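Subject: Structure handover

Hello,

Here is the structure I promised to pass on. Please open it alongside this email.

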Amino acid sequence: MKKSSCYPGKTRDAVPASPPKEDDMKEKLLASAALVLLACAPATAQGLDDVQHKFASVSGIVQDKCMACHSRGYDLPFYAKVPGIRGIIEKDYRDGIRALDLNQELVQRKDRPVGETVLAKMEWVILNDTMPPAKFAVVHWGSRLSDQDKKDILTWVAESRKAHYATDAAPEHANEPIQPIPRRLPVDEAKVALGKALFNDARLSADSTVACATCHAMDKAGTDNGRFSEGIRKQLGDVNAPTTFNAVFNFVQFWDGRAADLQEQAGGPPLNPIEMGSRDWDEIVARLAADAALTAKFRAVYPDGWSGRNITDAIAEYEKTLISPDSRFDRWLRGDKSALTAAEAEGYERFKAYRCASCHVGKSMGGQSYEYLDLKKDYFADRGGKPLGSDKGRFNASGREEDMHRFKVPNLRNVELTHPYLHDGTVTTLDEAVRIMGVYCSGLDVPQKDRALIVGFLRTLTGRHEGRPVQGEAVAR
């Protein structure tokens with residue numbers, strides 16, 4: 001976006017005629033700065049069109065009261081040069097964009113419907129009346145959302161979910177930020193059979209000792225339950241292996257989002273020198289092509305024969321079948337009130353109250369956005385120890401400073417089986433995972449009693465695969 005040319009007065013907001021008591025110079029300057037920021041709609045005609053298209057009936061509210069603090073491309077007002085003021089303004093702006101970055105929605109995901117995470121975050125702040133922040137609203141009364149604004153946003157959220165994300169939840173749960181996993185996705189069965197064989201074939205690795213299934217085992221809920229996975233020659237990486245179950249629902253793949261889809265993800269580990277260590281696809285093809293029976297089956301599906309593109313296409317098709325519907329929580333969402341106990345249902349309400357469902361959204365309960373692990377407090381300083389290369393998160397793939405410590409949100413389905421937790425694999429209990437997320441991502445201290453309720457709810461997320469419960473060892477209580 002280009003520099004905005006907005007200035008005070010070009011907004012329907014106004015400083016109240018009777019100023020608040022806190023009317024010292026700093027507060028006046030901040031109020032004036034807020035006027036300038038709120039006057040800033042997207043700076044280009046295309047930007048305006050994007051907002052109007054993506055946010056439909058609430059685009060006016062979004063432009064007037066959200067965009068300035070939740071999108072990039074604005075210059076700080078001239079008063080920011082006043083000693084002591086620039087730092088305050090910069091911090092407010094930085095906090096806003098880190099909490100919700102609408103640039104991702106309007107630029108990086110321009111051609112998709114508004115994301116489930118954006119819907120959930122906007123819904124949460126409306127229901128909990130936290131936007132605009134109280135300190136800001138004290139000096140800028142016009143920034144408050146009217147009752148009609150709130151009603152319009154909540155209606156738009158519900159309509160957007162129904163139009164783009166609904167599966168088969170019961171009517172009373174149709175507007176939940178989480179939806180049941182569909183019981184089946186359309187796939188090419190012939191490709192699935194090949195992909196399953198290749199997923200379990202160690203010949204994809206340089207020394208024929210490591211297969212995809214080595215780190216993503218079906219009897220360990222698509223993980224290996226280790227802090228870091230062991231590749232060829234017993235080498236260890238520095239990031240926890242995410243589950244392959246329900247990865248099909250992720251908007252990108254890997255913690256840092258470097259793969260756009262399942263096929264691109266499948267092409268990474270075979271050529272990674274620490275993981276499977278093959279030099280190139282020609283080397284892998286040579287090993288596989290020596291198997292006459294497998295080659296015949298492969299050519300029956302892929303007439304052009306062996307290639308990295310065809311191999312990863314088959315593996316990706318198989319991974320589309322790695323979904324885990326029909327958890328107890330799915331049954332509850334579909335209307336079976338007996339599927340959850342009263343305590344588990346209360347745990348879900350606490351899960352939403354502590355903002356967990358603002359990021360862990362959708363069918364897989366995650367995988368729909370990048371979020372900062374140090375949003376509210378410095379997780380990495382508190383963790384201590386030697387920094388990991390993977391700590392940089394999305395930055396490792398994008399090279400953008402704003403992506404430092406930003407990670408694709410992990411999905412929570414089958415979470416009691418996919419321990420240890422976080423990208424660094426340092427967390428070994430669900431209770432500690434909930435505590436950490438509260439402190440560092442939500443800015444909330446979750447009491448032990450509430451953590452126990454949330455953990456009880458999380459244990460209802462274990463689903464079924466091919467008619468049987470997903471296999472794995474449940475994390476200790």
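Below is what turned up, from the whole chain down to single residues.

**Overall**

Bear in mind that this is a predicted model. The protein chain has 477 residues, and 52% of them are buried. Its secondary structure comprises 21 helices and 4 strands.

D95 belongs to helix α5, which spans residues 86–99. D95 is partly exposed, at a relative accessible area of 33%.

**A helix pair**

How do α7 and α9 pack, in angle and axis distance? Helix α7 covers residues 116–127 and helix α9 covers residues 147–164. The angle is about 150 degrees, and the axes are 10 Å apart. Angles over 145 degrees count as roughly antiparallel, so α7 is roughly antiparallel to α9. The crossing of α7 past α9 is left-handed.

Here are the residues that make the contact:

- From α7: L119, A120, M122, E123, I126 and L127.
- From α9: K150, I153, L154, W156, V157, S160 and R161.

By type, the contact of α7 with α9 has 9 nonpolar residues, 1 polar and 3 charged.

**Cysteines**

How many disulfides does a search of the whole structure find? The count is 0. The cut-off for a disulfide is a pair of cysteine sulfur atoms within 2.5 Å. Two cysteines show how the distances fall out.

C69 has its closest cysteine sulfur in C66. The two sulfurs are 9.2 Å apart, so the gap is too far for a bond. C69 is partly exposed, with 28% relative accessible area.

For C359, the closest cysteine sulfur is in C441. That distance is 7.1 Å, which is also too far for a bond. Is C359 buried or exposed? C359 counts as buried, because its relative accessibility is 18% and the limit for buried is under 20%.

**Backbone points to check**

H419 and P420 are joined in cis, with omega about 0 degrees. P420 is in the loop between β2 (406–408) and α20 (430–442).

The next is N414, which lies in the loop between β2 and α20 as well. Phi of N414 is near 60 degrees, a positive value in a residue other than glycine. N414 is buried, with a relative accessible area of 1%.

R233 is located in the loop between α11 (212–215) and α12 (262–266). Is R233 buried or exposed? At 61% relative accessibility, R233 is exposed, whereas N414 is buried.

**Recap**

For quick reference:

- Helix pair: α7 and α9, axes 10 Å apart.
- Disulfides: 0 found.
- Cis peptide bond: H419 to P420.

Best wishes

Methods
Residues are numbered from 1 along each chain as its sequence is written. This is a predicted model: local features need pLDDT of at least 70, side-chain atom pairs count only at pLDDT 80 or more; totals for chains, interfaces and linings use all residues. Side-chain values use heavy atoms; hydrogens and water are left out. Buried means under 20% relative accessible area, exposed over 50%, partly exposed in between (1.4 Å probe, protein chains only). Axes are lines fitted to C-alpha atoms, for helices over the stretch in contact, and angles run from 0 to 180 degrees between N-to-C directions. Helices (H or I, at least four residues) and strands (E, at least two) are DSSP runs, numbered from the N terminus. Angles under 35 degrees count as roughly parallel, over 145 as roughly antiparallel, 65 to 115 as roughly perpendicular and the rest as oblique. A crossing is left-handed if the near helix is turned anticlockwise from the far one by less than a right angle, and right-handed if clockwise. Contact means heavy atoms within 4.5 Å. Ala, Val, Leu, Ile, Met, Phe, Trp, Tyr, Cys and Pro count as nonpolar, Asp, Glu, Lys and Arg as charged, and the others, Gly among them, as polar.
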